[in-house]
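Okay, thanks for coming, everyone.

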Amino acid sequence: MKRTALITGATSGFGLATAGKLAQNYRLVITGRREDRLEKIKEDLSHHTDVLSLCFDISDLEETKKQIKNIPIDFSEISVLINNAGLALGLEPADKVDFQDWQSMINTNVTGLAHLTHLLLPTLKQQPLSDIINIGSIAGSWPYPGGNVYGATKAFVAQFSRNLRADLLGSSIRVCNIEPGLAETEFSKVRFKGDEAKAKEVYKNLTPLFAEDIAKQVKWVIEQDAHINLNSIEIMPSCQAWGPLKVNRESV
Ligand code: NDP
Ligand code: 8X3
């Protein structure tokens with residue numbers, strides 16, 4: 001029987017590509033806030049599999065709970081949770097940012113992800129083999145100017161993933177944190193609040209990761225034999241690597 005996978009943030013980028021990649025062999029629950037997109041994606045993927053679309057904001061805890069509790073019986077045996085929905089807002093230094101942006105990132109990338117995981121743990125535990133795939137980021141391990149709260153939310157995802165593994169040892173649930181680097185999706189358009197030109201600059205004259213690259217990793221991780229748990233995958237495009245630490249010589 002096909003496993004059922006719930007993918008948050010399936011309206012664009014990694015989530016959309018993952019839904020497409022899993023459609024052949026999994027039943028899908030796709031989520032996001034943009035209803036028009038969800039309906040179109042559902043229609044497209046329904047040629048391959050059964051699809052349920054749920055439109056809600058993962059930072060709205062009451063609404064999330066309502067949506068998850070009301071999942072129809074046909075889709076209720078979820079055994080793959082892909083915690084992908086997330087965002088970065090701004091790239092300004094910490095003293096120049098709007099606090100509301102920090103709050104949105106924390107409410108989505110941390111609280112929303114933890115809440116959804118908490119809601120689905122009982123269901124995942126009942127299945128013979130389950131996977132939680134968290135989409136973290138290299139920003140959770142490697143600091144950079146302007147990464148402030150975004151990077152911190154992804155550091156939460158990394159440690160939460162490891163701690164889940166510790167708690168779930170002996171259960172049917174595996175956990176993996178996939179940590180991508182520079183990848184061309186709508187991520188930068190969102191980060192720069194709709195400024196397409198600025199977003200385009202990020203990927204100029206280089207070959208970034210593409211959404212499909214991450215979707216392939218997700219599929220590969222969940223299709224490992226049951227005795228294998230990939231704890232984390234850090235993945236960058238070949239054109240990306242670390243730079244030297246900076247030194248300020250103008251003050252003591
Ligand atoms: P996109 O902006 O293309 O996709 C983000 C998805 O998340 C959209 O489907 C969006 O749907 C959904 N989403 C955002 N906020 C909410 C919310 N509050 N409630 C429900 N859904 C939400 O970006 P990516 O595909 O790149 O991002 C996916 C994940 O990958 C994120 O967690 C991001 O931090 C992470 N990441 C991205 C990298 C990159 O360089 N692109 C690198 C490393 C990690 P909608 O707007 O319809 O709600
Ligand atoms: C997205 C990658 O390096 O822009 O998580 O933070 S980065």
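Let's start with the second largest pocket, which is lined by Met1, Lys2, Arg3, Thr4, Glu77, Ser79, Gln127, Pro128 and Leu129. Before I go on, the housekeeping: this is a predicted model, where local features need pLDDT of at least 70, side-chain atom pairs count only at pLDDT 80 or more, and totals for chains, interfaces and linings use all residues. Residues are numbered from 1 along each chain as its sequence is written, chains are lettered from A and ligands numbered from 1 in the order in which they are written, and side-chain values use heavy atoms, with hydrogens and water left out.

So what counts as a pocket? On a 1 Å grid over the protein atoms alone, a pocket is an open set of points with protein on both sides within 12 Å along at least five of seven lines, a cavity is a set where a 1.4 Å probe fits but cannot get out, and lining residues have an atom within 4 Å of a point. Our pocket holds about 160 Å³ of space, volume being the space filled by probe spheres set on the points, with grid points joined across faces, edges and corners. Its lining has three nonpolar, three polar and three charged residues. Here Ala, Val, Leu, Ile, Met, Phe, Trp, Tyr, Cys and Pro are nonpolar, Asp, Glu, Lys and Arg are charged, and the others, Gly among them, are polar.

The largest cavity has a volume of about 40 Å³, and its lining divides into five nonpolar, two polar and two charged residues. Strand E6 (residues 173-180) gives the largest share of that lining, three residues; helices (H or I, at least four residues) and strands (E, at least two) are DSSP runs, numbered from the N terminus.

One of the lining residues is Cys176, which sits in E6. Cys176 is buried at 1% relative accessible area, where buried means under 20%, exposed over 50% and partly exposed in between, with a 1.4 Å probe and protein chains only. Its C-alpha lies 5.0 Å from that of Ile133, 43 residues apart along the chain. Leaving out residues up to four places away in sequence, Cys176 touches Ile132, Ile133, Asn134, Val221, Leu230, Asn231, Ser232 and Ile233, a contact being heavy atoms within 4.5 Å.

The second largest cavity has about 30 Å³ of space. Helix H4 (99-126) and helix H5 (148-168) each supply at least two of its lining residues.

In H3 (residues 61-69), Thr64, Gln67 and Ile68 are buried. Those residues fall within an arc of 95° seen down the axis, so they line one face of H3; the arc is that of the directions from the helix axis to the C-beta atoms. They pack against strand E1 (3-7), strand E3 (51-55) and H4. The face of H3 turned away from that side carries exposed Glu62 and Lys69.

And H2 (residues 35-45)? Which of its residues are buried? Leu38, Ile41 and Leu45. They cover an arc of only 70° around the axis, which puts them on the same side of H2. An α-helix has 3.6 residues a turn, so residues three or four places apart point the same way. Helix H1 (13-22), strand E2 (26-32) and E3 are included in what covers the buried residues of H2.
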